[in-house]
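Please open the model in your viewer and keep the selection panel at hand.

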Amino acid sequence: MMGSPPSPPGPPARSAPALVRGARPEDAPLLLELFRELAVYERLEHELRATEELVRQALFGERPAAEALIAEHAGETAGYALFFPTFSSFLAIEGVWLEDLFVRPAHRGAGVGRALLAAVAARVRERGGERLEWAALDWNELALGFYRGIGAQTMREWITHRLVGEGLTRLAAEAPAIAAPTSEQRP
């Protein structure tokens, strides 16, 4: 879910640049607060189920499902980016799915969104990836304009689908047993 319009394209405002850092386990309460702000902005607060413990486990547990970056601007927490690895079978390359990019209203227009997005892009490149993808709500014209301004392509031919809750459970119940790979199949 892509949130608030990040910063407009072009140079950031004249204030000090945003500082971007990796999230730490002690940031779980802060991240939950930011998730809540994004949910309110996107009019999806009724869907928020995250708790501090779930955030801590998902991002900092034994097997992290995603990573987060936190932006600070003018001495305050200004926003965050949440992302996880993907893989393209057609290209046989790794990439990243940017799940959230959110900038608090007081920090919009100061280059925070651009700094967060650039930091995620740098992570993709550092890991040998060549692809960064995300979705945006169709009504969020400020964000859509920002993404066009940085050269992002709108993938109109792709429609996102989702299975959640009971629908996912019903389909999972139909799964056949998956055979373990034989020793000849293991790398």
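Select Val 20 first: this residue stands opposite Ala 71 in S2. The model is a predicted one.

Next, select strand S2 itself, residues 67–73, where 5 of the 7 residues are buried. On to its pairing with strand S3 (residues 76–88), which is antiparallel and runs over 7 bridges. Two pairs may be displayed here: Ala 68 stands opposite Leu 82 in S3, and Leu 69 has Ala 81 in S3 as its bridge partner. S2 and S3 form a hairpin with 2 residues between them, and Ala 74 in the turn has a positive phi of about 55°.

Now show the whole sheet. Its 5 strands are arranged in the order S1-S2-S3-S4-S5, forming an open sheet with mixed pairing. S1 and strand S5 (132–134) are the edge strands, each pairing on one side only. On average, neighbouring strands of this sheet are turned by 30° against each other, direction ignored.

Colour its buried residues, among them Leu 30, Leu 34, Phe 35 and Leu 38. The buried residues of H1 pack against helix H2 (52–60) as well as S2, S3 and S4. Just after H1, inspect Arg 43, which takes a positive phi of about 60°.

Then turn to H3. This helix lies across S1, S2, S3, S4 and S5 and runs at about 160° to S4. Select Leu 116 and display its surroundings: beyond residues up to four places away in sequence, Leu 116 touches Val 20, Leu 69, Ile 70, Ala 71, Gly 79, Tyr 80, Ala 81, Leu 101 and Phe 102.

Which residues have the most contacts inside the largest nonpolar core? They are Leu 98, Leu 101, Val 112, Leu 116 and Val 120, in a core of 20 residues. At least two residues of this core come from each of S2, S3, strand S4 (93–103), helix H3 (112–126) and helix H4 (141–149). H3 supplies the largest share, 6 residues. Apart from this core lies another, of 16 residues, including Leu 30, Leu 34, Ala 68 and Leu 82.

Methods: Residues are numbered from 1 along each chain as its sequence is written. This is a predicted model: local features need pLDDT of at least 70, side-chain atom pairs count only at pLDDT 80 or more; totals for chains, interfaces and linings use all residues. Side-chain values use heavy atoms; hydrogens and water are left out. Buried means under 20% relative accessible area, exposed over 50%, partly exposed in between (1.4 Å probe, protein chains only). Helices (H or I, at least four residues) and strands (E, at least two) are DSSP runs, numbered from the N terminus. Two strands pair if DSSP finds at least two bridges between them. A nonpolar core is a set of buried Ala, Val, Leu, Ile, Met, Phe, Trp, Tyr and Cys residues joined through side-chain atoms within 4.5 Å. Contact means heavy atoms within 4.5 Å. Axes are lines fitted to C-alpha atoms, for helices over the stretch in contact, and angles run from 0 to 180 degrees between N-to-C directions.
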